[in-house]
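The sequence and structure come first.

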Amino acid sequence: MGGRGRGRARGGDQGSNGNGAGLAQRMGQMGLDGHGATGGGGGERSMGRGVTRGGARNSAEDIQRRNDFMDLVKTRPASLTSKCGVSGTPVALRANYFKINKSGAARMFSYHVTLKSEMEEERSFVRKIIVRRLAQVLPVYLFDGMMMFTMERLYPEGQDCRVEMSCNENKATNESVPVEVEFKLTGEIFPTDHTYLHVLNIIKNQANDGLQLTQMGRGYYDPKSTIKFPQYKIEIWPGYSTSIRQHENDILMNVDVSMKVLRTDTVLNQMDSMKHDRAAGRDVLGFISKKLIGAIVYAAHNQKTYRIDDIDFNKNATSTFQKKDGSSISFVDYYKTRHGLTINPKQPLLISQPRDRDIRGGKNDLCILVPELCKMTGLSDDQRNNFHLMQEISTYTRMVPEKRVQSLIEFSNRYTSTPEVKATLEKWSLKMNPELVAVNGRILPPERIFLSQNPRSKVKETTYTSDNADWSNAATRNVLWNPVPLDNIRFIYPGIMYNKVAMFFKEMQMVAKGLGVNLIMPDSNWQEIQDTRTASYLAAAKVVSQMKPNFVVVAIPNDRCDTYAAMKKHFCFTSPVPTQMITDSKVLSKDKKYKSVASKVVIQMTTKMGGTPWCVKIPMTKAMIVGFDTYHDTTKAGMSVGAMVATLDSNFSRKTENQNEFPDKIFFYRDGVGDGQVQQVVDHEIQQLENAIKAVQKYSPNWNPQIVFIIVSKRINTKFFVSGGRRPENPSSGTVVDDIVTLPERHDFYLISQSVRQGTVNPTSYNIIKNTSTLSSDKIQMLTYKLCHMYYNWPGTVRVPAPCQYAHKLAYLVGESLHDEPHEMLSKTLYYL
């Protein structure tokens, strides 16, 4: 496989689809007021959203978040009678879903509300108050200031409208002014409509309030159960993420156990620490920006999370902003008077840009944050490299299936027994079934892994067990399927690392012989440098490039230094040649693991040169498989790198010209699609693919390839558990689920392709948004699983098809280190592994 690609902007306008989409758009533009619930609102806003993003629970952002999350784009063709496969062994599973039952009819009604009085009132919150005074004569409702949603009709069918009398308070005269409130039916909303699910999720959020949890993003966390690690300056908040939507047969609530890692140090603490970091050099502000931009922070004063998009060092906390009433106030005074907080006046300001869903909701202004009031979230690189820390927190962050199911049952018990939660649901005639949903799955058989194809001996093959999809031993003890010699390589290393480098290379030569790789490097091919400065490495790289090697190995202290990026840029742009970086911290300092690591390094090196370590049998000819993924460019705000890899050879292991034959089938696996972007992929990316085919058809009019376009989603909250034994366990590799918890508007399935040794295994969701081939759902599922065996950085199955994983590696390299398109000479090999 090879790959290239660069530069596509994130986000973009999203289209609407399905019944009720217009109402959903209206709901996304204003807050809702619930009968018996808290209405919308918000305080002063600096520079638009200023100090607080969002507002009340049912604010425009909350509704728009639900709109993004509930991406109800219909991709299932009407002609598809069944999307269920048949291959494999049946297995009984449980999923982290609870059925939501509704007594009575499941329909919902929407009404346009008109207020008629002497005082014209356009303010939404006042309109909500006026309608709220009629709560005793109205059924339970949600009201956004213009539209009302109820589960009951407000007047008999055939009647024009319903009119009630309320009042408005005239503050100028301190009198009550009568208001005529007219309710006019605008439509009936069904469970498969956008708006129906939005309302259900609002009701669910109101019910969640009864659990006395703190909402951060989409999750609800319990600060009273905080797990503290003071020695590491972090704490873990346990909680849950919840969402409701219509699945194949029922409305289900997905509940996943979530752990929010918060650092007790603030962004200001981090800035002060970075000022004294030796790596900062003279450009301290640039160093701080590089480390912090892109980080997610938590503002405790308003319990919101933000992404740092920029840092304004020209302003500080004494700078002023304009309030809603037109007056100006400094950040210092604002937080003192509004929140009773005293902050350091001499600190720069953080800038958070509006997210795509904010823009679609009409919020285009920046959010200004004070570093002292923002806590870092997640773990720093140093913390991730701390073995003892990671071992301690993994007990909580990597929950085994038994403990995860126990937490889900605890949530169910709490949800169904808390009076406030029950009361909220009962008002809407809703009730949650306390049992985890039962699901039928299938386990696809293990694949045969083909190794050596030496003509003087029989083809060697191996396999694995479904509970441990790993063939490391066989892969490192047999000749590779198609090894490529490493006979013209150069090695750059600093003198202080010579002993480690020499020992490791000796081990590489020993394992290479058993793998069938010819690894030769005479003394003249070694390039020693005197120190570990980046300039010294670059000088050596220029010397080595003049020798015209076809591969370069570079020993560096660690992969987080500037040297890594500098070497990659030189050998991807100036002198294009595959490279292998060997770090002292992760490889050379661990001499007890030299043999196993050396085997993987040699396999990786020969793969970068075009070799094939192993393959699986894919009974298809003249097919092209494409993987596409994106990665945020760390130096260009608002931009992402798009990377595409493709294969045409018969083993689907690399990219070749394939004798200039066009493929009969094109399989496109599209990873990196965020919430709310499916419609954009349907409308634009498939169209671009079809346009490219039409361009070729001008020269080859008989070419008409079949297309299978699949969206791959890893960031999902669905979990499955084997329920047949005494305790819940992870499903086996090859487990497919294509019913019950899949979505009626999609041609989709879940696949668990990898095995995990810790925690709960994560399935991957596949949404087939276009299929003009004759392949059944079963065949597509089997092909997808086969491709999960073809990632050559790991002798085992991976979570996504190999083309997607390769595309991710390429996008990561460009977005993190290169920031530009690599030389075309490298595009036909896996140089980016």
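Buried means under 20% relative accessible area. At 8% relative accessibility, Tyr750 therefore counts as buried. The model discussed here is predicted.

**Aromatic pairs**

- The model holds 26 aromatic pairs.
- In one of them, Phe321 and Phe331, the ring centres are 4.9 Å apart and the planes meet at 45 degrees, so the pair is tilted.
- This pair links distant parts of the chain, with Phe321 in strand β18 (residues 320–322) and Phe331 in helix α7 (residues 331–339), 10 residues apart.
- Phe321 counts as buried at 3% relative accessibility, and Phe331 counts as buried at 0%.
- Phe720 and Tyr750 have ring centres 5.5 Å apart and planes at 70 degrees, so the pair is edge-to-face.
- Here too the pair links distant parts of the chain: Phe720 belongs to strand β34 (residues 720–722) and Tyr750 to strand β36 (residues 748–752), 30 residues apart.
- Phe720 has a relative accessible area of 1% and is buried.
- One aromatic cluster is formed by Phe491, Tyr493, Tyr498, Phe505 and Trp526.

**Cavities**

- There are four cavities of 30 Å³ or more.
- Helices α13 (472–477) and α18 (594–608) each supply at least two residues of the lining of the largest cavity.
- By class, the lining of the largest cavity has six nonpolar residues, two polar and one charged.
- The second largest cavity holds about 50 Å³ of space.
- Ile100, Leu200, Ile203, Lys204, Ile244, Met253, Tyr415, Leu425 and Leu430 line the second largest cavity.
- Helix α4 (residues 194–209) gives the largest share of the lining of the second largest cavity, three residues.
- The lining of the second largest cavity divides into eight nonpolar residues, no polar and one charged.

**Helix α21**

- Helix α21 (residues 802–818) has 17 residues, which at 1.5 Å a residue should span 24 Å; its end C-alpha atoms are 22 Å apart, which agrees.
- The helix α21 is mostly covered, with 12 of its 17 residues buried.
- Among the buried residues of α21 are Ala802, Pro803, Cys804, Tyr806, Leu810, Leu813, Val814 and Leu818.
- His819 follows α21 and has a positive phi, near 65 degrees.

Conventions. Residues numbered from 1 in each chain as written. Predicted model: local features only at pLDDT ≥ 70, side-chain atom pairs only at ≥ 80, totals over all residues. Heavy atoms only, no water. 1 Å grid on protein atoms, 1.4 Å probe; cavity = no way out; pocket = protein on both sides within 12 Å on 5 of 7 lines; lining within 4 Å. Points joined across faces, edges and corners; volume = space filled by probe spheres on them. Helix = DSSP H or I, 4+ residues; strand = E, 2+ residues; numbered from the N terminus. Nonpolar A, V, L, I, M, F, W, Y, C, P; charged D, E, K, R; others polar. Expected span 1.5 Å × (residues − 1). Buried < 20%, exposed > 50% of the residue type's maximum accessible area, 1.4 Å probe, protein only. Phe/Tyr/Trp six-rings, centres within 6.5 Å; stacked < 30°, edge-to-face > 60°.
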